Amino acid sequence: MTQSPATPLPPPKERRRLREAGSLTQAQVATQVGVSRETVRSWETGRTNPRGRKREAYAKLLTSLGEDTPTEEQLPAEEAEAAVEDTAEIAGLAATVTEPQPTPPPPAPLTPAQAFDALYAFCAPALVRQAYLLTGRRELARESVERAFQVAWQRWPEVAVDRDPAGWVRSVAYEYALSPWHRFRPRYRHPEPPPPDTADRALLTALLKLPPSYRRTLLLYDGVGLGLAETAAETEASTPAAANRLLHAREALAAQLPDLSDPAELHRRMTELASTGRLHAAKPPTVRFVGERRTVFWTRAAIAFTVAIIGATTLTVRTAPTHYEPPVPLGQRVEGVPPRVVQGALSEEEVALRDRLRSGMTSGPERLAPLGR
């Protein structure tokens with residue numbers, strides 16, 4: 001019997017049921033098929049379907065899971081009845097046991113540092129690639145992810161109990177990567193070298209031409225594989241607004257690159273583009289150390305600023321006047337002062353006195369003259 005080019009696959013819900021029946025996670029299925037975890041999630045939700053060799057590998061894996069975990073409907077009638085009887089007998093024997101069975105000790109809980117390192121190892125590589133698609137800069141992508149995890153370590157009690165710690169860190173990394181203040185930094189004024197491949201370069205240029213909100217929505221939905229409601233919640237927009245951004249982003253990309261009108265092909269190309277560059281994040285202990293050092297720095301700066309304010313307030317209180325000093329009043333008119341008189345001509349006596357004084361200034365006996373020695 002020959003196999004058709006398009007191998008039939010079970011419905012999306014059946015795919016998920018088979019995976020859970022085989023005790024496999026989405027990451028394990030992704031490793032066996034050779035795709036990402038987000039791709040397996042999109043296959044199980046029915047948004048996309050595998051193609052080519054990946055479809056054959058995925059169908060073969062589901063077939064093996066279905067053979068290993070038969071349902072009661074697939075068993076013959078006699079085997080089903082025997083299974084029911086065996087189950088009842090085992091239940092009766094278990095009811096007769098009166099002594100409690102020893103339970104294995106629970107595993108030791110992870111320390112905060114171990115839990116942080118596990119989250120970092122799981123999320124950091126993918127987040128760096130996603131930030132590269134958002135910014136087109138490798139260094140900024142690494143910096144955004146490291147800064148997001150530093151913030152997560154500073155607020156670890158809050159992140160540890162969050163329903164989606166990976167989504168919490170991803171949101172902070174996206175916000176930092178798309179910050180408009182990076183354009184004023186000297187190191188980011190000039191663009192980085194583009195990808196060597198022409199198709200990758202065209203895709204990255206088309207992505208960077210989109211508005212930041214459209215680019216983020218497109219990456220979350222078609223790149224990461226989130227649902228429309230989850231994408232709207234992470235971008236802090238309503239569901240219709242997120243759908244509108246997604247449609248406009250797809251139309252803009254299709255206008256420049258017509259071969260990317262298919263969402264599955266767009267997802268594949270974005271994954272290949274993000275995997276081309278050497279995007280490596282720092283080690284978890286380094287990120288934790290830098291985050292702790294930044295926290296200590298800002299704590300000391302806040303203490304120094306508070307001490308300066310207290311000192312200035314104390315100096316103001318000590319030097320401020322303790323009583324009321326009335327302002328100096330405006331000048332008032334003084335009564336009784338004779339008016340100014342203009343000087344007239346000199347009389348004969350005044351003229352004679354003036355001449356006598358002038359002639360006696362140099363030879364008069366009353367004047368003291370310095371003696372040279």
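Residues are numbered from 1 along each chain as its sequence is written. In this predicted model, local features need pLDDT of at least 70 and side-chain atom pairs count only at pLDDT 80 or more, while totals for chains, interfaces and linings use all residues.

After α6 comes Gly 136, with a positive phi near 75°.

Now follow α6 to the largest pocket, where this helix supplies 9 residues, the largest share of the lining. A pocket is an open set of points on a 1 Å grid over the protein atoms alone, where a 1.4 Å probe fits, with protein on both sides within 12 Å along at least five of seven lines; lining residues have an atom within 4 Å of a point. The space in the largest pocket is about 1000 Å³, a volume being the space filled by probe spheres set on the points. Of its 37 lining residues, Glu 38, Arg 41, Arg 170, Val 224 and Leu 226 are the closest to the centre. Elements giving two or more residues include α3 (37-45), α9 (165-177) and α14 (263-276).

The second largest pocket holds about 390 Å³. Its lining has 17 residues, with Thr 39, Lys 54, Ala 264, His 267 and Arg 268 nearest the centre. Here α3 and α14 are the elements that give two or more residues, and α14 gives the most, 5.

Methods: Side-chain values use heavy atoms; hydrogens and water are left out. Helices (H or I, at least four residues) and strands (E, at least two) are DSSP runs, numbered from the N terminus.
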